[in-house]
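Thank you for making time for this one today. I would like to walk you through a few selected places, so please keep the sequence and the picture in view while I talk.

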Amino acid sequence: MAAMELEAMFYKKRNIVYAFVRHRFFMMCKQSLIRVQSPEGIKRIEISPKANLKEFFESVQNALKVDGFGLFKERNLTKEIYSHTSQEVGSLLKHGDMVYLKQMAGTSTRRTSTTAIDSFINPPAIAAPTNNDFKTSTSVDEDEVDKLLAKEDGLIKRERDNKLCRHGANGCCVHCSPLEPYNESYLKEQKIKHLSFNSYIRKQTSGIDRGKYMVFEDINCRIKPGCREHPPWPKGICSKCQPSAITLNRQIYRHVDNVMFENTTIVERFLNYWRTTGHQRMGFLYGTYEINTDVPLGIRAKVAAIYEPPQESTRDSIKLLEDESAADVEEVAKALGLKKVGWIFTDLITDDPAAGTVKQLRGIETHFLTAQECIMAGELQNRHPNPCKYASNGVFGSKFVTVCVTGDNTKQVHMEGYAVSAQCMALVRDNCLIPTKDAPELGYVRESTDKQYVPDVYYKEKDQYGNEVQRLARPLPVEYLLVDVPASTPLQPQYTFSKYDKRQPFPVENRYLDGHLQDFNALSTYLSQWEDEDFLEAISDFHLLVYLYKMDMLPMRQHMMPLLEAVRNKNPNMAYDFKKEEVWKLLESLIQASSSGSGGTTSYPSSSASARAGSVGSVGVAGLENAAADVATWTCNHCTFINRSDLTSCEICSLPR
């Protein structure tokens, strides 16, 4: 008969004598009783003190019917108990001890650390590995830059110190040995505020166990569905389905360590809209991710172009509209080897037009990002997650960056880069964070309603006496959610697309201003600036390629892949071969016809244009009559409507002649 049944038979009352006899009884039976506290309550586990810890984990797993958990000696989930076959239960736990269970990903009998992440290198196993060992997901397709960084050791090389080193040139000591990429002294000396994400991974896997069985987990702010022990919210809730309270911490790492615009022309073209109208503007950044050598195991987002989606803007606000061309832009960017790496917006108000200065609206005295902008950044980062093989669901965090163009303390235009933390992404994803009405620097965590349960969110700050106190995030200073990302341009400009020099670039999309519209006349004017041998340079414009790809009058998308490949590889021969294609010759004819029909003074030079010019002398009286009829009317450059000659503006679109 089991020991617990004998105990129930002989002892009924819980008193001092009972406890003493019970303790002696278990010692005589050579059995220990260990209490396990879990979300389901406290469970008592009987096990021999000479049993190993792996058998103890299996007993807990069978008793509680759970998988994927860790056991801890402290209530605050520290001092984790490791599953080893070489260590006995009695050496770590005694009769009557309580341990605390936390559910995690993976299996409990193979978990080693709660703060570590899977190692890049397989550590030496303490016990023989089983077929159930947790492994990182091989189905997750990480970014190419992450794959390259995973192959590097990340060590910071140091030269031999002539004053401290006492060894030869081929020796090594503590004064000249390489440093780990997460070395705090080095980062502080180099004024690096945040760890790179890959350095953070190396730090978590630097222990003796290499963090082999740990994964990244996203914060959950919603009630777990499917609980059958009570009616659904708001009629019932329990500890099994209720999300835990959240304490916000400043994120010590960042996924992107620098945002670099290839050249100043990219930003200047973006700012031209504000300079023309005085209204704010927003755009998406397209570029690539590359290794940043200035930060150990760092990543840089290199921006090659800015796409401006449809929007309505004023001096103080921006409203995004539905973009029907979003899929086309993504296809063009993918064919060019680019991806959406972030978003940019302006917050500029002119201070002195004569001096060209702007007002300083943001800073340490006011705010860096408003709560609404943080929510927008969190939403965009949730739409563009970072593939990570160490995450339980295959993604964790985001490389998507936020760039704000505003005035600095010298009243000059400058750029500031940010990203929001993974905690902010979770709050935004679960619709828990909203902006405040009067204070842009403060957010507000929703209160629970009949339709939505919101967990308590806290943050820590120092009070007037210097003590660290915990506050409820109603309201919430948004600086707890921000991570700084420096934004800059290189000393030597780089060009993925055309340099333009003194030529006028092709108009940017979705700018409904006179002189900024994308039409055949603008296309003819732009191409007329280039010679035939400069065709690759002329066509290397992101906005022009998007315009050609989504053109309705002459569907070119099925023919443009060779051209996009030529621009991507900077191959002039492939570009010139495309110029000889029938589809481009047809486009030249349409451009020429549009230019002549609208009374334009510039036309795109082509072989067919010279042929038409040579036939002008053969035009008879009928041709002169037709020309006189054309003079009596004019074609609108914007909507192509044919108007009477006495009108100064178009009857249809009301734009000037």
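Predicted model: local features only at pLDDT ≥ 70, side-chain atom pairs only at ≥ 80, totals over all residues.

Tyr-459 has Arg-471 as its bridge partner, and Arg-471 belongs to strand 22. Residues are numbered from 1 along each chain as its sequence is written, and side-chain values use heavy atoms, with hydrogens and water left out. When I speak of helices (H or I, at least four residues) and strands (E, at least two), I mean DSSP runs, numbered from the N terminus.

Back to that pair of strands. Strand 21, residues 457-462, and strand 22 run antiparallel and are joined by five bridges; for two strands to count as paired, DSSP has to find at least two bridges between them.

Let me move on to strand 18. Is this strand largely enclosed or left open? Strand 18, residues 413-420, has six of its eight residues buried, so the rest of the structure largely encloses it; buried means under 20% relative accessible area, exposed means over 50%, and partly exposed lies in between, with a 1.4 Å probe and protein chains only. Strand 18 runs antiparallel to strand 17 (residues 401-407), with six bridges joining the two, and within this pairing Val-403 stands opposite Gly-417. Strand 18 is also joined by three bridges to strand 24 (residues 482-484), again antiparallel, and there Ala-419 stands opposite Val-483.

The hairpin of strand 17 and strand 18 has five residues between the strands, and among them Lys-411 takes a positive phi near 65°. The side chain of Lys-411 also meets that of Asp-351 in a salt bridge, at 3.2 Å from N to O, the term here meaning a side-chain nitrogen of Lys or Arg within 4 Å of a carboxyl oxygen of Asp or Glu. This pair links distant parts of the chain, since Lys-411 is in the loop between strand 17 and strand 18 and Asp-351 is in strand 15 (residues 350-352), 60 residues apart. Lys-411 is partly exposed at a relative accessible area of 39%, and Asp-351 is partly exposed at 33%.

The structure holds 29 salt bridges, and another of them brings together the side chains of Arg-281 and Glu-308, at 2.7 Å from N to O. Arg-281 lies in the loop between helix 7 (264-277) and strand 10, while Glu-308 lies in the loop between strand 11 and strand 12 (311-313), so this pair ties together parts that are 27 residues apart in sequence. Arg-281 counts as buried, at 1% relative accessibility, and so does Glu-308, at 2%.

Now to helix 8, residues 326-335, where Asp-328, Val-329, Val-332, Ala-333 and Ala-335 are buried. These residues cover an arc of only 165° around the axis, which puts them on the same side of helix 8; the arc is that of the directions from the helix axis to the C-beta atoms. What covers them includes strand 10 (282-292), strand 11 (298-307), helix 13 (542-549) and helix 14 (561-569), with contact taken as heavy atoms within 4.5 Å. Helix 8 is followed by Gly-337, which has a positive phi near 80°.

His-543 is buried, with a relative accessible area of 6%. Which residues does His-543 touch, not counting residues up to four places away in sequence? They are Arg-269, Ile-306, Phe-506, Pro-507, Val-508, Glu-509 and Gln-518. His-543 and Ile-306 are 237 residues apart in sequence, and their C-alpha atoms are 8.8 Å apart in space.
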